[in-house]
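I opened this structure for the first time today and kept notes as I went. Here they are, in the order I looked things up.

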Amino acid sequence: MIRLRPWKKEDFKELLEWFSDEESFSKWSAGKFEWPLTMEQLLDYYERFEKEERGWILAALDDDGRLAGHLLMRKADYEKNSIHFGFIVVSPGMRGTGAGKAMVKQALAQQSGGGLPPMSLEESVETTKVYSVAGLLGE
């Protein structure tokens, strides 16, 4: 089972170890961060979203409370009941276990009270698979 909580600055130390090569990093970062990823870049990112009223950085935890993933929810529009997802990544040890799907579903359930709101999906090869498995993309 995946549980979500607000991201903590201390979590970035572990996230820095999740990208072993520039190609996988580039797919995740969508050009918003520079390779190699540094703590300074991550702290700047954290500071921006710490003040954001319509965006949250979330940590996914596994059954033992270990960090299993990272997820950004942003551009929340309460009138349209929509939200954007970004920077979804699962820890190397949790990849292929369904953790990405569980993260997205849990985030949606928390945000929308259990329903699936309309949303803008920022797609890459990796996130398209997560969105598809979570039932968020059409056939």
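**Aromatic pairs.** I searched the whole structure and got 13 aromatic pairs. To pair, rings of Phe, Tyr and Trp (its six-membered ring) need centres within 6.5 Å; planes under 30 degrees apart count as stacked, over 60 as edge-to-face and the rest as tilted. I looked at F12 and Y46 to begin with: their ring centres are 6.0 Å apart and the planes stand at 90°, so I logged the pair as edge-to-face. F12 sits in helix α1 and Y46 in helix α3, so this pair ties together parts that are 34 residues apart in sequence. I took helices (H or I, at least four residues) and strands (E, at least two) as DSSP runs, numbered from the N terminus.

Before going on, a note on what I'm looking at: this is a predicted model, where local features need pLDDT of at least 70 and side-chain atom pairs count only at pLDDT 80 or more, while totals for chains, interfaces and linings use all residues. Residues are numbered from 1 along each chain as its sequence is written, and side-chain values use heavy atoms, with hydrogens and water left out.

**Buried or exposed?** I checked F12 and Y46 for this. F12 has a relative accessible area of 0%, so it is buried. Y46 comes out at 14%, so it counts as buried too. My cut-offs are under 20% relative accessible area for buried, over 50% for exposed, and partly exposed in between (1.4 Å probe, protein chains only).

F25 is buried at 1% relative accessibility, whereas W35 is partly exposed at 34%. I also found that F12, Y46, F25 and W35 belong to one aromatic cluster, whose members include W28 and F87.

**Helix α2.** Which residues of α2 are buried? In this helix (residues 22-29) I listed F25, W28 and S29. They cover an arc of only 90° around the axis, which puts them on the same side of α2; the arc is taken from the directions from the helix axis to the C-beta atoms. The buried residues of α2 pack against α1 (12-15), β3 (67-77) and β4 (82-90). At the end of the helix I noted A30, which follows α2 and has a positive phi near 50°.

**Q41.** I found Q41 in helix α3 (residues 39-50), and it is buried at 19% relative accessibility. A polar atom of its side chain lies 2.6 Å from the backbone nitrogen of E34. Neighbours within four places in sequence aside, Q41 is in contact (heavy atoms within 4.5 Å) with F33, E34 and P36.

**Strand β3.** I counted 9 buried residues among the 11 of β3, so I wrote it down as mostly covered. Strand β2 (residues 56-61) and β3 pair in the antiparallel sense over 6 bridges; pairing takes at least two DSSP bridges between the strands. L61 has L67 in β3 as its bridge partner. The β2–β3 hairpin has 5 residues between its strands, and G65 in the turn has a positive phi of about 80°. β3 also pairs with β4, antiparallel over 6 bridges, with H70 opposite V89 in β4. In that hairpin 4 residues lie between the strands, and N81 in the turn has a positive phi of about 55°.

Definitions and conventions: A polar contact is a pair of N or O atoms within 3.5 Å; within protein, one must be able to donate a hydrogen and the other to accept it, and residues adjacent in sequence count only if both atoms are side-chain atoms.
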